[in-house]
Amino acid sequence: MRFGAHVSIRGRIHRAVDRAVAIGCECMQIFVGNPRQWRPVVYDRSDLAEFRRKRAGASLDPLFAHTPYLVNLAADGELHERSTRSLLHTLRVVAALEGAGAVTHIGSAAVPFPRAVARVAWAVRRALRASEGVAILLEGSAGATLGATFDELRALLDAVDGHPRVGICLDTAHLFAAGWDIRTRTGVGRMLDAFEQTIGLGRLRLLHLNDSRAPCGSRLDRHENIGQGTIGLRGFRAIVRESRLQGLPAIIETPGFDRAGLDRRNLDVLKTLRGKSGQDRLRPPTEVP
């Protein structure tokens with residue numbers, strides 16, 4: 001398992017690589033613009049080239065980009081159109097950076113589930129048709145929005161006919177809030193057994209490793225530093241040493257031990273839990289068995 005962080009692109013986009021290197025990342029995730037705005041950022045070719053050069057030199061692989069927080073693929077009207085365009089823009093930028101894929105929250109809708117699935121599928125299909133190479137990763141939710149259950153994620157994959165460029169990102173804080181008790185090896189095993197049976201582990205392309213400030217089953221998305229939350233060090237030891245997860249990239253989105261943002265200490269904790277034997281080969285994030 002390779003560990004990385006979601007790092008800022010503040011200043012120039014290629015400075016994200018410097019920040020990733022500074023805290024000991026082995027892979028990385030970014031936004032490609034302001035996550036709280038719709039306005040797409042158009043980057044100079046020189047900035048994109050410098051990003052690629054720096055990342056190759058630092059062996060930071062793979063790279064993912066996350067869509068803005070505003071995205072709701074299950075919405076209708078103008079919000080749906082903006083969300084779809086934002087997903088497509090993220091895909092195009094991460095492709096220009098030679099990254100692996102775009103991670104997106106799925107969203108919510110005040111309509112029956114089949115209609116919401118149809119809206120999400122339409123947006124995903126449109127983005128796939130207008131882009132090449134990179135994956136779309138649907139992120140499981142904590143319970144208040146779509147994707148809180150493996151059955152919902154399976155339905156979304158089925159709605160796009162299991163397209164090989166569509167995969168799943170699982171967040172440990174979301175899993176815990178959605179009711180999966182992953183504080184032990186047994187709990188992690190049960191969760192993965194269910195995922196394998198319902199979806200298939202070949203669709204799991206990325207992990208977000210975040211501890212949780214909220215209790216199990218709370219449906220609250222509250223990230224905490226590794227070992228300081230309700231999942232705890234025992235849970236993360238079980239996760240990072242689980243044989244079925246070896247080869248996956250894993251990204252932290254933690255608040256930092258000094259509450260000033262991402263820090264090396266969270267990654268160091270994970271590396272310690274991983275141990276020396278955890279330096280394994282990274283499975284290609286777009287590979288489908």
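Colleague: What is the hand of the crossing of α5 and α7, and what makes it so?
Modeller: The crossing of α5 and α7 is right-handed: that word applies if the near helix is turned clockwise from the far one by less than a right angle, and left-handed if anticlockwise. Helix α5 covers residues 150-159 and helix α7 residues 185-198; helices (H or I, at least four residues) and strands (E, at least two) are DSSP runs, numbered from the N terminus. This is a predicted model, where local features need pLDDT of at least 70 and side-chain atom pairs count only at pLDDT 80 or more, while totals for chains, interfaces and linings use all residues. Residues are numbered from 1 along each chain as its sequence is written, and side-chain values use heavy atoms, with hydrogens and water left out.

Colleague: Why are α5 and α7 called roughly parallel?
Modeller: Their axes (lines fitted to C-alpha atoms over the stretch in contact, with angles from 0 to 180 degrees between N-to-C directions) cross at roughly 25 degrees and come within 10 Å. Angles under 35 degrees count as roughly parallel, over 145 as roughly antiparallel, 65 to 115 as roughly perpendicular and the rest as oblique, so α5 and α7 are roughly parallel.

Colleague: Which residues of α5 and α7 meet?
Modeller: F150, D151 and R154 of α5 meet M191, A194, F195 and T198 of α7, where contact means heavy atoms within 4.5 Å. By class there are four nonpolar, one polar and two charged residues (Ala, Val, Leu, Ile, Met, Phe, Trp, Tyr, Cys and Pro are nonpolar, Asp, Glu, Lys and Arg charged, the others, Gly among them, polar).

Colleague: What makes α8 oblique to α9?
Modeller: Helix α8 (residues 232-240) packs against helix α9 (residues 264-274) at about 60 degrees, with the axes 9 Å apart. That angle makes the pair oblique. The crossing is right-handed here too, and L233, F236, R237 and V240 of α8 touch V269, L270, L273 and R274 of α9. The tally is six nonpolar, no polar and two charged residues.

Colleague: How do you know that H14 is buried?
Modeller: Buried means under 20% relative accessible area, exposed over 50%, and partly exposed in between (1.4 Å probe, protein chains only). H14 has 11%, so H14 is buried. H14 sits in the loop between β1 (2-6) and α1 (15-22). Beyond its neighbours within four places in sequence, H14 contacts D47, E50, F51 and K54.

Colleague: What makes I23 buried?
Modeller: The relative accessible area of I23 is 12%, so I23 counts as buried. I23 lies in the loop between α1 and β2 (27-31). The C-alpha atoms of I23 and D268 are 9.0 Å apart, although 245 residues separate them along the chain.

Colleague: Why is E98 called exposed?
Modeller: E98 has 56% relative accessibility, so E98 counts as exposed. E98 is in the loop between α3 (77-96) and β4 (101-105), and has a positive phi, near 60 degrees, without being a glycine.

Colleague: And what makes D161 exposed?
Modeller: D161 has 61% relative accessibility, so D161 is exposed. D161 is also a non-glycine residue with positive phi, about 55 degrees.

Colleague: Which residues touch the most other members of the largest nonpolar core?
Modeller: M28, I30, L170 and L209 do, in a core of 77 residues. A nonpolar core is a set of buried Ala, Val, Leu, Ile, Met, Phe, Trp, Tyr and Cys residues joined through side-chain atoms within 4.5 Å.
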